[in-house]
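Trainee: Could we go through this model together? I would like to ask about a few places in turn.

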Amino acid sequence: MLNPIKKTIELPDGRTITIETGKLAKQADGAVEVRMGNTMLLATVCSAKEAGEGVDFMPLTVEYKEKFSSFGRFPGGFLKREGRASDYEILVSRLVDRVLRPLFPDNYHADTFVNVTLYSTDGEDMPDCLAGLAASAAIAVSDIPFNGPISEVRVARINGEFVIDPTFEQLEKADLELMVGATYDNIMMVEGEMKEVSEQVLLEALKAAHAAIKVQCEAQVELAKMVNKAKREYCHEVNDEELRKDVHDKCYDKAYAIAKTGAADKQWRNESFQAICDEYIESLPEEVRDEKTPLVKRYYHDVEKEAMRRCVLDEGIRLDGRKTTDIRPIWCEVDYIPGPHGSAVFTRGETQSLSTVTLGTKLDEKIVDDVLNQGTERFLLHYNFPPFSTGEARPQRGVGRREIGHGNLAHRALKSMFPDDFPYVCRIVSDILESNGSSSMATVCAGTLALLDAGVKMKKPVAGIAMGLISDEGATKYAILSDILGDEDHLGDMDFKVTGTKDGITATQMDIKCDGLSYEILEKALLQARDGRLHILNIINETIPQPREDYKPHVPRIVTMLIPKELIGAVIGPGGKIIQGIQEASGAKVSIDEIEEGGYIEVAASNKESIDKAMAMINAIVELPEEGKTYHGKVRSIMDFGAFVEFMPNRDGLLHISEISWGRLENMEASGLKEGDEVDVKLIEIDKKSGKYRLSMRVLQPKPEGYVERERPARREGGERPRGPRREGDRAPRRDGDRGPRRDDRNNGPRH
């Protein structure tokens, strides 16, 4: 018998969110369906009862999936079924994972799987902002231990007002968009983009989001009480407190001494720290050494963390000897490699990005076919993190979730400064060659340099910096660190990445690993980040003050034009025959796209001659005939009374026998014209009613001396000439009741 339990949340704009459990997926450890309007998500969680042998971390997997059927669509591809996760689904999964992971108990190590699936949507409300709420609610109604609940909301600033969970339509008008994840007490995760907003605006957005999250957390607490399911007992760690104390007593001072040296060499520090641990393990009796080694490594990690943190808090000394506000030495260089259309190396300390820019045509656009997002992308950024960047000896496989997430952050940082109406498709590739702290921010800086080297007229250069935090319990004593190292990220309390121009923030990403982080600390971190960002921007400006004046010689040149919609078909031709012919004849790439204003044509080639030839062929198709203009045409057919000449593509005109030469021709054989002959003709008349064209060859020839033009009868009002006695050679007037065109008017006009 069903016993569903439901909880409703009211949003400020009148919309409601309902969370219901007890109907679907009842064999999962926890399952809820979350609805907002016509949007419905199902979230489930399952966790193993025991931890795997030797596992000393939280093996959490979060999967967000969108069903194409949720929007009444078929998946693309041959199989017509959902396949591997899209980049968008991976990004949403990461957002949820980053908030959930820190809130499981430190000693809980069972395999845990959270699945959130979109089953219904109407394309109005954005489902990803409900994924965190759904995942947390599923855990809340389960027996899995969790220090939540949490929720996530999207906050956008629209016309100066903050809107929670805006619709797709509303988001298009926003100048700030953030996804914020938090518990009732603390913000845990932030990610988003903005159009050069101030630090104060960002803080106000966080406050608005957290207020909405508190309401959703309270609803989950009430739902869990209604379900009343006890949390499971578990034992995933066996500890030896005597050994823990002994490791601390014998290793702490040595680790503190290494931390205090301020050595900039990451490799030396790592080897020195490792040597302390190895020395302790070697000191253990041989009969217990293998058994105790995993515990020693775990306890020594805590010793190393404490030594680094106390060194910063008590003496203001960081691992590499810098002050808290210091930025590591930076060197950068543009035009580093000749093949790409733009390239740059950006090195900050032991983090290095080699970035390249490739400029392409419309044919290079990325096609996006997600459930709720279809279209094309003209600005791409791909981030690669090979194992050798950290000295790891392992094979390089496919792109992982981390690479997709870091690349997305850098993409969001740069895209608002990408020039409007840029004719090229642009792809940035950042290869991380060394890594010791914030390679995504190095990607932003290297990407800016490479764009400028490629001649892209950016609105403003963009730089990025990662901020860290070291604090004691309750954050009564803390230190904000600029340009953090990898170890400071791993052992610290915060990783706060901020990108922007000299005038404001363009993107941010924050993960917080401690409780009780105040807005005062966040504000100080943002202001310190601004100083660091401006320092890096000055170095970028010294390296390349302006974009390259012209593109490099091997960059394809692009010319664009707009034509009337009714001429798009004429340029493409049946089955693409005309446009393919233009490409073959000219060597240029030609693409055409129908937009609201008409047909948008792009012609691209590496040399001017190809572009000019393609443009001439297109202009010949789309150009409107002009009375009095001379054209070079081809004789299509010979009739008794003249010839039909194609004087423009798909446009024929009548060259009457009397307009071939100044002398009288008895018949067309005397003219010497044959089908296929190329002739110069002048367009002497366009019939405004019928749209037919009259051509002449004789007006392009010298008029014979003494030539007298035969007078033509004046036309009567209404267009008819007065009738009179017929002369030999004159045409008979058309009689009422005649059907069809006169013989000499047949097919006179545009050919289709």
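This is a predicted model: local features need pLDDT of at least 70, side-chain atom pairs count only at pLDDT 80 or more; totals for chains, interfaces and linings use all residues.

Trainee: Is A479 buried or exposed?

Mentor: A479 is buried, because its relative accessible area is 11%, and the cut-off for a buried residue is under 20%.

Trainee: Which residues is A479 in contact with, leaving aside its neighbours within four places in sequence?

Mentor: On that basis, A479 is in contact with V312, L313 and T324, and also with G468, L469 and I470.

Trainee: Turning to helix 13, which of its residues are buried?

Mentor: Helix 13 covers residues 577-586, and its buried residues are I579, I582 and S586. Viewed down the helix axis, they fall within an arc of 55°, so they line one face of helix 13.

Trainee: What do those buried residues pack against?

Mentor: They pack against helix 12 (568-572), strand 23 (589-595) and helix 14 (608-622).

Trainee: And which exposed residues are on the face turned away from the buried side?

Mentor: K577 and E584 are the exposed residues carried there.

Trainee: What follows helix 13?

Mentor: G587 comes after helix 13, and its phi is positive, near 80°.

Trainee: A change of topic: how many disulfides are there?

Mentor: The count comes to zero, with a disulfide requiring two cysteine sulfur atoms within 2.5 Å. For C129, the closest cysteine sulfur belongs to C217 and is 15 Å away, which is too far for a bond. C311 is in no disulfide either, as the nearest cysteine sulfur, in C251, is 17 Å away.

Trainee: Are C129 and C311 buried or exposed?

Mentor: C129 is buried, with a relative accessible area of 1%. C311 is buried as well, with a relative accessible area of 1%.

Trainee: Finally, at what angle do helix 9 and helix 11 pack?

Mentor: Helix 9 (residues 439-453) and helix 11 (residues 519-543) pack at about 25°, and their axes are 11 Å apart. Angles under 35 degrees count as roughly parallel, and helix 9 and helix 11 are therefore roughly parallel to each other. Their crossing is right-handed.

Trainee: Which residues make the contact?

Mentor: Helix 9 contributes C445, T448 and L449, while helix 11 contributes I536, I540 and T543.

Note on methods. Residues are numbered from 1 along each chain as its sequence is written. Side-chain values use heavy atoms; hydrogens and water are left out. Buried means under 20% relative accessible area, exposed over 50%, partly exposed in between (1.4 Å probe, protein chains only). Contact means heavy atoms within 4.5 Å. Helices (H or I, at least four residues) and strands (E, at least two) are DSSP runs, numbered from the N terminus. The arc is that of the directions from the helix axis to the C-beta atoms. Axes are lines fitted to C-alpha atoms, for helices over the stretch in contact, and angles run from 0 to 180 degrees between N-to-C directions. Angles under 35 degrees count as roughly parallel, over 145 as roughly antiparallel, 65 to 115 as roughly perpendicular and the rest as oblique. A crossing is left-handed if the near helix is turned anticlockwise from the far one by less than a right angle, and right-handed if clockwise.
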